[in-house]
Amino acid sequence: MADKPTIVLVHGFWGGAAHWNKAILELKSRGYDKLHAVENPLTSLAEDAERTRKMVKQVDGPVVLVGHSYGGAVITEAGDLPNVTGLVYIAAFAPDAGESPGQISQEHPPAAFENLVPDSDGYLWVKQDKYHWSFGQDLAEDEAYTMAVTQKAPLASTFGDNITAPAWRNKPVWYQVSTEDRMIDPDNERRMAARMNPRKVIELDASHASLASQPKAVVDLIDEAASA
């Protein structure tokens, strides 16, 4: 493929754009030279979606939007722009209209649900000493510890923000399920994937942090979406 689309990567809760670092280097090694990683404020779905829309609107040409975790809700809300040619969900929320990530999580609580704690300012954190077990049990302990210390907590209210018009109803979709996910129940991921009628679903024996623990397999899926 001579002219590759721009890849815009959207992170989720409890991390920033740097969570994509291994996937970024893998994409670069495969000839993707138009890469962007959104830094979401994690203050509300509307503000995160608008931040993503602004980045997509800066791109002249086709864009593949890739969302991890809550980033899936963001690309669902922001992904209906005309130059978006595909949506890739990496162990991600894919709510329907009127649904929120919090509602989906409450229907099938993930294993690590009890390890989320609010602070006095309304931000929601993963307990630092539980981060490795909860978020990325297949990562090296030091890597997970760095993620735990640098985690970017969302406003807890963001969990309850509903999708208005899901872009996956109008765009081609690819989905990666993490079978050992403790932050989103794997059966919830399968259910969300199935109802989107995706072009492809892959299952990885991975934690929630599949983008860091299995970047090559994750980029294989992104590559397939970009080539389509």
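Is E203 buried, exposed or partly exposed, and what is its relative accessible area? E203 is partly exposed, at a relative accessible area of 42%. Here buried means under 20% relative accessible area, exposed over 50%, and partly exposed in between (1.4 Å probe, protein chains only).

The model is predicted: local features need pLDDT of at least 70, side-chain atom pairs count only at pLDDT 80 or more, and totals for chains, interfaces and linings use all residues. Residues are numbered from 1 along each chain as its sequence is written, and side-chain values use heavy atoms, with hydrogens and water left out.

**View 1. The whole chain.** The chain holds 9 helices and 8 strands. These are DSSP runs numbered from the N terminus: helices are H or I with at least four residues, strands E with at least two. Along the principal axes, the C-alpha atoms fill a box of roughly 50 × 35 × 30 Å. Buried residues make up 55% of the 228.

View 2. R190 forms a salt bridge with D187 (2.7 Å, N to O). A salt bridge is a side-chain nitrogen of Lys or Arg within 4 Å of a carboxyl oxygen of Asp or Glu. R190 and D187 lie 3 residues apart in helix α7 (residues 186-195), so about one helical turn separates them. R190 also forms a salt bridge with E203, with the closest N and O atoms 2.7 Å apart. This second pair links distant parts of the chain: R190 in helix α7 and E203 in strand β8 (residues 200-204), 13 residues apart. R190 itself is partly exposed, with a relative accessible area of 30%.

**View 3. The D96–R169 salt bridge.** The side chains of D96 and R169 meet in a salt bridge of 2.6 Å, N to O. The pair links distant parts of the chain, 73 residues apart: D96 in the loop between β4 and α4, R169 in the loop between α6 and β7. D96 is buried at 16% relative accessibility. R169 counts as exposed at 53%. Not counting residues up to four places away in sequence, D96 touches I163, P166, W168, R169 and R195. Contact means heavy atoms within 4.5 Å.

**View 4. Helix α1, one face covered.** In α1 (residues 21-29), the buried residues are A23, E26 and L27. Seen down the helix axis, they fall within an arc of 100°, so they line one face. The arc is that of the directions from the helix axis to the C-beta atoms. The face turned away carries the exposed residues L25, K28 and S29. Cover for the buried residues includes β1, β2 (35-38), α8 (210-213) and α9 (215-227). G31 follows the helix with a positive phi, near 95°. E26 also belongs to a network of salt bridges with R30, K216, D220 and D223.

**View 5. Helix α3, mostly covered.** In α3 (residues 71-78), 8 of 8 residues are buried. Their cover includes β1 (6-10), α2 (45-57), β3 (63-68), β4 and α4.

**View 6. A156 in its loop.** A156 lies in the loop between α6 (141-150) and β7 (173-178). A156 is partly exposed, with a relative accessible area of 29%. Leaving aside neighbours within four places in sequence, A156 contacts G122, Y123 and L124.
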